[in-house]
Amino acid sequence: MIGYVAGRSPLHRAHPYTTLSLAAALLFAAFAMTEPLTVWLLVLAGAALAATGGVLRPGARTALVVSLPVWILLFVLYGLLGAAPRAAVGPLQLSVPGIERALVLGGRVTAIVLGFLTALATTSPHRLVEAMTARGVSFSRTFLLASTLTVLPRLRERAARILEAQQCRGLRLGGSPLARLRALGPLALPLILGALAEVDEQVLALDVRGAAAGGRRTPLDPPPDSPPQRALRWGLLALVVAAYGWKFWRMRG
Amino acid sequence: MTPRVTLTGVTFTYPGGVRPAVRGLSMEVAAGEIVAVAGAAGAGASTLLLVATGLAPRLVGGSLAGERAIGARRSGIVFARPWTQLTGLCSTVRDEVAFGPAAAGRPLAEVAAAASRALHRLGIAHLAERDPAHLSGGELQRVVVAAALALEPELLALDDPAAELDPTAADALYALMPSLAADGAAVLLATPDVERAARVATRALVLEEGVIVADGRPGDVLPPTEVGALARAAGCPAPYPLDVPALLGRLTPDAGRRAHDTTDGPPAGSGPSTSGTAR
């Protein structure tokens with residue numbers, strides 16, 4: 001699950017700035033937390049956010065796939081090669097402070113990825129554009145942000161189409177890792193060249209339709225905002241500031 | 001009539017191009033004209049459209065020599081591949097069509113009215129609430145044309161606009177062009193579909209290797225269709241009819257009208273179809 005998933009959850013219905021603020025707060029808070037317990041509370045918060053958005057299962061699965069390589073690396077670097085004291089876990093001698101450190105870093109990555117995926121899955125690019133347009137943000141900035149949010153699903157869709165076409169021409173995807181690596185060539189080249197060619201034409205079409213005009217666009221259907229949502233966003237900002245204040249106060253102490 | 005675009009000795013070369021894509025172009029397109037641009041693939045028809053709308057070299061890059069005067073205050077362009085012309089940011093067809101007027105900062109009521117007019121003109125009002133990402137190629141092409149019309153362009157460049165359309169929808173799109181011209185737009189139409197172009201165009205240009213080799217009435221200058229070749233072989237005087245309704249119309253006006261009624265689908269727009277007019 002990488003990309004917008006249509007739905008009617010509270011996060012889908014919320015103002016896009018609120019959903020993005022929740023994900024951003026999770027990100028900043030993750031870096032403010034230094035204890036395994038607090039970091040893992042944030043992972044739980046990320047899971048709660050995904051559940052609220054109705055995307056817990058696919059979100060958790062994708063977050064696991066994305067953060068697994070990081071977990072393995074952290075386990076080797078800190079758990080196996082970390083400093084003493086060590087504890088025996090089966091045949092392994094694991095570094096106790098190393099494992100603690102790995103839990104903090106890995107938890108951060110998992111919480112951030114979960115929050116980011118949830119925001120991506122529940123924020124409609126169209127509503128985000130409308131919200132930004134209503135606030136007077138220039139089209140180039142809204143387009144840049146919305147395109148960033150939609151680029152992965154679009155590339156994945158295009159890659160699937162190219163793969164189907166190449167398989168029809170006899171491309172085999174199974175076999176050894178080397179064979180799989182070789183299969184990347186017929187996928188990557190048309191994927192990149194096709195995307196570049198289409199971008200050229202899209203730039204022309206958007207320009208003619210006034211995208212680069214620079215004036216203020218008329219919002220067509222701005223998503224509704226509300227005082228409680230605005231209060232929540234300010235509250236999240238205050239929480240993040242407080243978390244960093246607490247972190248620096250503890251570092252000084 | 002007011003010229004929407006005037007080119008005088010224009011030569012354009014793409015960035016990194018060894019030779020010009022178009023050379024020594026001199027032409028004028030006035031309000032109310034429908035100019036068909038024909039030529040083999042690579043002859044420079046698409047480039048001519050980019051030059052005439054001011055997109056080349058401003059966005060395309062490359063170099064332009066000669067004089068170009070664009071009198072149109074608003075231009076629209078439609079390419080053959082509709083999926084490359086979507087904003088990718090709109091969740092409904094209505095918003096996609098309204099994008100241009102909204103970008104101009106027009107009041108919401110005006111934007112909605114312009115989008116609604118364009119949707120009705122293309123006969124796709126029923127698609128208004130659909131997601132553009134889930135439309136067929138033909139539906140998408142009509143959405144893209146509607147998006148261009150919503151801009152109320154004074155110069156409309158169409159690059160093979162019926163490439164994704166079925167014959168009925170293609171007929172309907174071509175039938176719309178005279179009404180656009182009647183509203184004061186200049187239409188520049190690059191297409192390999194000589195038969196349909198000949199039905200609606202008021203003038204035709206033929207390009208060969210980037211040079212205009214013929215400029216005149218469609219029946220005189222467009223490459224002969226099979227019907228045209230038959231008419232010529234049968235000893236019909238020039239200009240030769242380019243499609244069956246025109247040939248029948250030449251022979252017997254009543255038969256021509258009947259043939260036109262059966263071959264053309266219902267026009268999508270409010271404009272009168274000129275199909276089957278005797279040439």
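1. Helices (H or I, at least four residues) and strands (E, at least two) are DSSP runs, numbered from the N terminus. On that basis chain A holds nine helices and two strands, and the pattern along its sequence reads α-α-α-α-β-β-α-α-α-α-α.

2. This is a predicted model, in which local features need pLDDT of at least 70 and side-chain atom pairs count only at pLDDT 80 or more, while totals for chains, interfaces and linings use all residues. Residues are numbered from 1 along each chain as its sequence is written, with chains lettered from A and ligands numbered from 1 in the order in which they are written.

3. Overall form of chain A. The C-alpha trace spans about 65 × 60 × 30 Å along its principal axes. Of its 253 residues, 31% count as buried (20 or more other C-beta atoms within 10 Å of the residue's own; exposed means 12 or fewer, partly exposed in between, with C-beta atoms placed from the backbone). Two residues are in contact if their C-beta atoms, placed from the backbone, lie within 7 Å. Among contacts in chain A between residues at least 6 apart in sequence, 76% join residues at least 24 apart.

4. Domains of chain A. Chain A is divided into domain 1 (10-128 + 226-252) and domain 2 (137-208); such bounds come from an automatic or database domain assignment. The centres of the two domains, taken over C-alpha atoms, are separated by 30 Å.

5. Helix α3 of chain A. This helix (residues 36-52) has 17 residues and reaches 24 Å from its first C-alpha to its last, close to the 24 Å expected at 1.5 Å a residue; the expected span is 1.5 Å times one less than the number of residues. Its buried residues are Val39(A), Leu42(A), Val43(A), Gly46(A), Leu49(A) and Ala50(A). They cover an arc of only 115° around the axis, which puts them on the same side of α3(A); the arc is that of the directions from the helix axis to the C-beta atoms. The cover over these buried residues includes α2 (16-32), α4 (56-80) and α5 (96-122) of chain A. Leu37(A) and Leu44(A), on the other side of α3(A), are exposed. Just after α3(A), Gly54(A) takes a positive phi of about 75°.

6. Leu236(A). This residue sits in helix α9 (residues 227-252) of chain A. Leu236(A) counts as partly exposed because it has 18 C-beta neighbours inside 10 Å. Leaving aside neighbours within four places in sequence, Leu236(A) is in contact with Ser21(A), Leu22(A) and Ala25(A).

7. Nonpolar cores (sets of buried Ala, Val, Leu, Ile, Met, Phe, Trp, Tyr and Cys residues joined through C-beta atoms within 7 Å). The largest has 99 residues, of which Val37(B), Ala146(B), Val187(B), Leu188(B) and Leu189(B) touch the most other members. Helix α5 (residues 167-182) of chain B supplies the largest share of this core, 10 residues. Apart from it lies another core, of 27 residues, among them Ala32(A), Val43(A), Ile112(A) and Ala121(A).

8. Contact between the chains. Chain B contributes 29 residues and chain A 26 residues. On the side of chain B that touches chain A, the elements that give two or more residues are β5 (75-78), α2 (93-103) and α3 (108-121) of chain B. The most comes from α2(B), with six residues. The residues of this side of chain B divide into 16 nonpolar, 10 polar and three charged, where Ala, Val, Leu, Ile, Met, Phe, Trp, Tyr, Cys and Pro count as nonpolar, Asp, Glu, Lys and Arg as charged, and the others, Gly among them, as polar.
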